Amino acid sequence: MIGGLIFDLDGVIVDTSEFHYQAWKRLAAELGIAFTRDDNEKLKGLSRLESLDTILSLANPYNHQTGVAAQSRKIELAKRKNSWYLEFVRNLAPDDILPGVENFLVECRQSGIKTAIASSSKNAKAVIDSLAISHLFDCIVDGTRVAKAKPNPQIFLIAVKKLNEKPGSCIILEDALAGVEAARLARIRCIGIAPEPALLPADLVIPGFLNFGIKELCSFDRLIRNPA
Ligand code: B16
Ligand code: MG
């Protein structure tokens with residue numbers, strides 16, 4: 001019996017990774033750091049400051065600067081990157097929702113399954129507003145609500161509680177390694193979204209929602225039992 005579905009946002013409902021890539025690349029270029037699309041892949045699901053640390057360590061893996069001055073410089077850099085990222089987000093529209101996602105959400109809700117968003121992004125609200133989909137969710141937990149980002153399971157456990165469900169009655173939909181790991185630590189079943197099954201260690205991996213509806217979701221529920 002499925003009580004709730006918990007959706008990651010970036011990479012599951014909408015693909016904003018190109019926006020993150022362009023904004024991080026601009027910052028990296030200013031800092032004289034080479035930054036590729038492959039590097040960007042490794043940032044998926046991480047918090048903004050963790051992403052920045054990862055980029056800074058590309059220039060010097062041993063230079064883990066700490067202290068108040070280093071921290072306030074990092075906050076300033078992350079703020080600049082975010083202002084460029086938000087310029088892209090402002091142009092998002094309902095047409096940018098990934099194929100099949102909206103139908104899947106409507107179908108699940110009509111079947112009595114509750115829905116939540118659990119996103120590491122502190123910009124989740126702006127993205128959801130641009131896509132005009134907030135009415136399709138019972139609750140939204142974003143990066144402003146949690147102290148520890150994925151792979152810490154905290155964000156998913158808060159979503160389970162807000163849905164008034166148990167981990168065993170929920171299923172997470174996630175595109176990032178950090179998110180799949182967080183699902184495992186939360187002991188919640190996880191469907192990964194990726195072009196190839198080998199890319200994510202989830203209970204099931206699908207390329208997207210075009211050929212995945214309530215029927216397929218219920219077969220998954222019957223086959224893959226709660227890990228707890
Ligand atoms: P922000 P998700 C994550 O969102 C993104 O995957 C990740 O690439 C990004 O660094 C993180 O949000 C923080 O985003 O800078 O907007 O706070 O996939 O958990 O929905
Ligand atoms: Mg994601």
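How much area is buried between domain 1 and domain 2, and what share of that area do carbon and sulfur atoms give? I looked this up in what is a predicted model, and I noted a buried area of about 850 Å², with 51% of that area coming from carbon and sulfur atoms.

Domains. I then went back to the bounds, where the assignment for the protein chain gives domain 1 as 4-14 + 93-225 and domain 2 as 17-89. For the contact I listed twelve residues from domain 1 and eleven residues from domain 2. I also looked up the C-alpha centres of domain 1 and domain 2, which lie 25 Å apart.

Interface. I searched between domain 1 and domain 2 for salt bridges and recorded a count of zero, whereas the search for polar contacts across the interface of these domains returned three residue pairs, both residues of each being at pLDDT 80 or more. On the side of domain 1 that touches domain 2, I found that helix α6 (residues 124-131) gives the most, with three residues.

Metal site. Which residues coordinate the magnesium ion (ligand 2)? I noted D8 (OD), D10 (O) and D175 (OD), at 2.0 to 2.1 Å, and I wrote down the spacing of these donors along the chain as D-x1-D-x164-D.

Methods
Residues are numbered from 1 along each chain as its sequence is written. Chains are lettered from A and ligands numbered from 1 in the order in which they are written. This is a predicted model: local features need pLDDT of at least 70, side-chain atom pairs count only at pLDDT 80 or more; totals for chains, interfaces and linings use all residues. Side-chain values use heavy atoms; hydrogens and water are left out. Donors are N, O and S atoms within 2.8 Å of the metal (3.2 Å for Na, K and Ca); water is not among the atoms, so sites may look incomplete. Domain bounds come from an automatic or database domain assignment. Contact means heavy atoms within 4.5 Å. Buried area is the accessible area (1.4 Å probe) that two parts lose on being put together, summed over both. A salt bridge is a side-chain nitrogen of Lys or Arg within 4 Å of a carboxyl oxygen of Asp or Glu. A polar contact is a pair of N or O atoms within 3.5 Å; within protein, one must be able to donate a hydrogen and the other to accept it, and residues adjacent in sequence count only if both atoms are side-chain atoms. Helices (H or I, at least four residues) and strands (E, at least two) are DSSP runs, numbered from the N terminus.
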